[in-house]
Amino acid sequence: MLIKRKSIEQVESSRPARKPRYAPVTLSEMDGVRYLHFGTEWVQGAMRIRKPDWPELEYAQQMMAWMLWIAQPQRLAQLGLGTAALTKFCYRQFPQAQVEAIELNPSVITICESMFKLPPNDERLHVREMDALDYVNDDANHGTLDALQVDLYDATARGPVLDSADFYTACCACLAPHGIMTVNLFGDHPSYAKNIKAMKFAFEQVICLPEVHDGNVVAIAFKTKVALDAEAQAALLERAKQIVAETKLPAKSWVKGIVSTL
């Protein structure tokens, strides 16, 4: 059940009239959590009002699973801003890192600033209004990212709006050799198999965590294949314990989920 639902008027833009029309950005609140929607019941993101920098949804927490292999990232990017949950968490958690977020809909950026505690751009934080496809195809971004988080959904929230092999190949090109991409998918939707196939074409290795919520599955894609033998699993568990101690993210469950797929 959604309560306190209200529509947020889209901000005016100076772009030409041919600019795409977006679904209305709407909000709801329940039990101290504020949710973002695009005019439907589908949740596009959430923020616990008393913990604005915490990734509230379990799948959003799983999107940070690249931390098992990368402890000190220098450059991170998020495709699809949502409620800025991952962008805010990365910005606060990794003070040494450059953090970028790419969002096509200007109203989403505006609502994140006004209702989801997104801080203003500065020397480390760069929220850009642009097409994610343009971003990954820009040669200037190739080979620069430690981690890339992809969460691109339209108003129906049932399948990524970018899901081709060419798109994922461009995502892979943006990563440094050790880089890792995480992607939010729906396991019970026809788009799932298509996305996994495209990722496996573009990346050396793809692992999927167990399904959470109402079908969310987070895929972890590696530009360079990683070891997952018994010794590597033990190292991952030790790293997970460190992540839990430092961030309270449920990293041990990520390792358990990875091992269950082997």
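Modeller: The buried residues of α2 are A85, L86, T87, K88, F89, C90 and Y91. Please keep in mind that this is a predicted model.

Biologist: How many of the residues of α2 are buried in total?

Modeller: The count is 7 of its 9 residues, and α2 is mostly covered. C90, for instance, is buried, with a relative accessible area of 1%.

Biologist: What is the count of disulfides?

Modeller: The count comes to 0 disulfides. C174 is in no disulfide either, as the nearest cysteine sulfur, that of C171, is 6.5 Å away. The relative accessible area of C174 is 0%, and C174 is buried.

Biologist: Are W54 and F89 buried or exposed?

Modeller: Both W54 and F89 are buried.

Biologist: Which residue forms a salt bridge with R92?

Modeller: That is D53, and the closest N and O atoms are 3.0 Å apart. This pair also links distant parts of the chain, with D53 in the loop between β4 and α1 and R92 in helix α2, 39 residues apart. D53 is partly exposed at 26% relative accessible area, and R92 is partly exposed at 46%.

Biologist: Where is K248, which has a positive phi?

Modeller: K248 is in the loop between α7 (230-247) and α8 (251-260). Its phi is about 70°, although K248 is not a glycine. K248 is exposed, with a relative accessible area of 68%.

Biologist: Let us change topic to charges. How many salt bridges are there in the whole structure?

Modeller: There are 7 salt bridges. One of them joins the side chains of R48 and E56, at 2.9 Å from N to O. R48 counts as partly exposed, at 28% relative accessibility. K194 forms another salt bridge with D163, where the closest N and O atoms are 3.4 Å apart. K194 lies in helix α6 (residues 191-202) and D163 in the loop between β8 (145-150) and α5 (165-174), so the pair ties together parts that are 31 residues apart in sequence.

Biologist: How accessible are K194 and D163?

Modeller: K194 is partly exposed at 47% relative accessibility, whereas D163 is buried at 16%.

Biologist: Which residues are linked in a network of salt bridges?

Modeller: R75, E100 and R128 are linked in this way. A polar contact of 2.5 Å joins the side chains of R75 and E100. R75 lies in strand β5 and is buried, with a relative accessible area of 18%. Not counting residues up to four places away in sequence, R75 touches several residues, including Q98, Y135, N141 and D146.

Biologist: Which backbone oxygens does the side chain of R124 reach?

Modeller: The side chain of R124 reaches the backbone oxygen of Y91 at 2.9 Å and that of F94 at 3.1 Å. Leaving aside neighbours within four places in sequence, R124 is in contact with Y91, F94, P95, A97, Q98 and V99.

Biologist: Finally, how many helices and strands are in the chain?

Modeller: There are 8 helices and 11 strands. Of the 262 residues of the chain, 54% count as buried. Among contacts between residues at least 6 apart in sequence, 65% join residues at least 24 apart.

Definitions and conventions:
Residues numbered from 1 in each chain as written. Predicted model: local features only at pLDDT ≥ 70, side-chain atom pairs only at ≥ 80, totals over all residues. Heavy atoms only, no water. Disulfide = S-S within 2.5 Å. Buried < 20%, exposed > 50% of the residue type's maximum accessible area, 1.4 Å probe, protein only. Polar contact = N/O pair within 3.5 Å; in protein donor to acceptor, adjacent residues only side chain to side chain. Contact = heavy atoms within 4.5 Å. Helix = DSSP H or I, 4+ residues; strand = E, 2+ residues; numbered from the N terminus. Salt bridge = Lys/Arg side-chain N within 4 Å of Asp/Glu carboxyl O.
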